Each structure stands twice: as structure tokens, then as C-alpha cells.
Amino acid sequence: MDPLRRGYLSAFTANVLWGVFPLYFHALRPAGAVEVLAHRIVWSLVTMTLVIVAIRHWRRIGELLRQRKRMAGLAAAAVLIAVNWGVYIFAVNTDRVVEASLGYFINPLFVILLGVLVLRERLRPLQWTALGIGAVAVVVLSVDYGHLPWIALTLAASFGCYGLVKKRLGLPAAEGLFLESGVLMLPALVYLTWLTTQHQSTFGTVSAWHSVMLAGSGVLTAVPLLLFAEAANRVPLSGLGILQYLTPTLQLIIGVAVFSEPLPPARLAGFVIVWGALAVFSFDAIRVARRNRAERHATAAVREPAVSVRE
């Protein structure tokens, strides 16, 4: 299989796995959201320790631990991803998978907003249009819910800020997840220990399969992340951008078709408006990517004769 096809397959698999997360976390009941989050942190660290051992990157881990600024950034990233994981698990446990899917539909628009507010980027007209349409969707959905869709907004904001911090740190996926899990390990272990002393832990008390699934949350976290990291090195950004909509689409389908969550007309209208914003955003991204590619080809074509003359 050529590298590009392998990259697309990795990206597709990662997004499908993320898309079916609701089925997995729903099956972890009666464990509460915080207990599931704590187990996810602990078992992610166990999983990533095995990965680091396999790829023999301990020296790189040691180098990162000596860089105080990077470790401070990693600590911030760890808190952001813990918030994201916790709110997402809470959404699944409280039958709000549809609203959680909305968060990941909104996320690309929130990333654009971060670019303006934090990185001082200048937006193209179509990007401003997409942001405006997205704002209208949030208003429509707020009216339908009777309040701001805080789960969706928290998921979009936490994941968007996490991506910004990670982009600035520039860390490989394996080392990053290992250190983030390490930062969160102590509070996770303290909480799990407290649950055990209070006889409220579901690990080892509900069923053997339940305990295996709690432990499996570490592998479930690591595998799609590593697949996506591989895809990012092989697939054009426009391709990754389109495939990322697969995740919230699957989550929405699962929320409505499997968990029978309501999707009244007003809420559906809000989603349709969001999809309109994403269509504008995607059209602009693809258009710009094609233009840049054409410019690169044109530049290469101009340079080629010059090279042959010198030869």
C-alpha cells in the first residue's frame, strides 16, 4: 500500500473509532463520569508506557522533562484534555450525545476564532461568513435548549485550545500523550483510591468484563491518536479536514438512532445551519489549497528550464 493510501486509511480508522466512542463509554455504566475519566488517564499512561518502551524513546522523554517551559505547556494541555474527556463522558452518561456531536461540528469554527483572537490571523471573507453562520446556529440552538449548549461549547473550546497548545509545543503524539497522562496520574489515582475506600468503585465489583473495559479505555484513547498522528504526516491538510467531520456525524447518528435522543425540528435547524457554516469553511479551505498547489506547480515549472540551462 502506498504512503498516501495508508495515510487516508489511518485517518479514516481514527475518525471512525472516535465516532463510536459513545457506544463504549455508554457500556461502562454504572461507573460515573469522573471514575471513567480517572481510569482513562491511568490506563492511558500504562498503554503509552508500553508504546514508549517499544519505540525506545525514553531519552526524548528525559529531554522534555528538563524543559520547564515545555512541561508547563504540557501541564496546561493535560488540564484541557482532561476537561474535554470529562465533559464528553458526562455527556454520554447523561444521554446528551447529540449535543456532544455538536461540539465537534463547531470545533473547526472555534479554531478559526482562536486564530483571530490569539494568533492575530487575518481571515478571508468566506471564513468570516462561516463564523457568522456558526454564531447564528448557536443562537438558534440556545433558544431551542432554553440555555447555551454548554456541553457543545465546552467540548469545542477545550479541544480547540488543546490543539493550539499542542501546535505550539510541537511534540510527537506518543511522547505528548505519555507526559499528559503522567501529569494527570496523581489526582486520578487519589480519586480512584478514595472511591475504593468508600466502597463506591465499580472496578472489580460489577463484573470482570466491566473491569476489562475500564482498563481498555487506555488502549481506546491511544490507538486513534497514534493513527491520526501517522495520517497527519501523509495526508494533505484538506483531506484531514474533511475526514474529521466523520467523527461527529457518527456520534450524531448513534445519539439519535441508538440512544433515541430527541432531535426536534428547531434543534435540527440549528444543526443544518452549522453544516452550512462547515460547508462554507470547507469550500474555502479546499479552494485555497488548490490555488496554493497550482502556484507551487507554476513556480516549479518556471524554475525547471533555468536549472536545465545551467546544466
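Visitor: Where is R56 found?
Guide: R56 sits in the loop between helix 3 and helix 4. Helices here are DSSP runs of H or I with at least four residues, numbered from the N terminus. This is a predicted model, in which local features need pLDDT of at least 70 and side-chain atom pairs count only at pLDDT 80 or more, while totals for chains, interfaces and linings use all residues. Residues are numbered from 1 along each chain as its sequence is written, and side-chain values use heavy atoms, with hydrogens and water left out.

Visitor: Why is R56 called exposed?
Guide: The relative accessibility of R56 is 74%. Exposed means over 50% relative accessible area, buried under 20% and partly exposed in between, with a 1.4 Å probe and protein chains only. R56 therefore counts as exposed. Its phi is near 55°, a positive value in a residue other than glycine.

Visitor: What makes H199 count as exposed?
Guide: H199 has 74% relative accessibility, so it counts as exposed. H199 lies in the loop between helix 9 and helix 10. Phi of H199 is near 55°, and this is a positive value in a residue other than glycine.

Visitor: Which kind of peptide bond joins R29 and P30?
Guide: That bond is cis, with omega at about 15°. P30 belongs to the loop between helix 2 and helix 3.

Visitor: Why is W85 called buried?
Guide: W85 is at 8% relative accessibility and therefore counts as buried. Its place is in helix 5. Leaving aside neighbours within four places in sequence, W85 is in contact (heavy atoms within 4.5 Å) with L37, R40, I41, S44, L177 and T221. The C-alpha atoms of W85 and R124 are separated by 32 Å, although these residues are 39 apart along the chain.

Visitor: Is S142 buried or exposed, and how do you know?
Guide: The relative accessible area of S142 is 15%, so S142 is buried. S142 is part of helix 7 (residues 125–145). Not counting residues up to four places away in sequence, S142 touches H147, L148 and P149.

Visitor: What describes two packed helices?
Guide: Two packed helices are described by the angle between their axes and the distance between the axes. The axes are lines fitted to C-alpha atoms over the stretch in contact, and the angles run from 0 to 180 degrees between N-to-C directions.

Visitor: What makes helix 3 oblique to helix 5?
Guide: Helix 3 (residues 33–55) packs against helix 5 (residues 68–93) at an angle of about 135°, and their axes are 9 Å apart. That angle makes helix 3 oblique to helix 5. Angles under 35 degrees count as roughly parallel, over 145 as roughly antiparallel, 65 to 115 as roughly perpendicular and the rest as oblique. The crossing of helix 3 past helix 5 is right-handed; this term means that the near helix is turned clockwise from the far one by less than a right angle. Where they meet, helix 3 brings A33, V36, L37, R40, I41 and S44, and helix 5 brings A82, W85, G86, I89, F90 and N93.

Visitor: Why are helix 9 and helix 10 called roughly antiparallel?
Guide: The axes of helix 9 and helix 10 cross at roughly 150° and come within 9 Å. That angle makes helix 9 roughly antiparallel to helix 10. Their crossing is right-handed. Helix 9 makes the contact with A173, A174 and L177, and helix 10 with T221, A222, L225, L226 and A229.

Visitor: Why are helix 6 and helix 8 described as oblique to each other?
Guide: Their packing angle is about 45°, with the axes 7 Å apart. Helix 6 and helix 8 are therefore oblique to each other. Helix 6 passes helix 8 in a right-handed crossing.

Visitor: What makes a set of residues a nonpolar core?
Guide: Such a core is a set of buried Ala, Val, Leu, Ile, Met, Phe, Trp, Tyr and Cys residues joined through side-chain atoms within 4.5 Å. The largest nonpolar core has 50 residues, and those with the most contacts inside it are F25, V36, Y88, L155, F178 and L179. Helix 5 gives the largest share of this core, 12 residues. Another core, of 23 residues, lies apart from it and has V98, V138, L252 and F281 among its members.

Visitor: Which residues is Y88 in contact with?
Guide: Leaving aside neighbours within four places in sequence, Y88 is in contact with W18, F21, P22, F25, A100, Y104, L155 and Q251.

Notes: Helix = DSSP H or I, 4+ residues; strand = E, 2+ residues; numbered from the N terminus.
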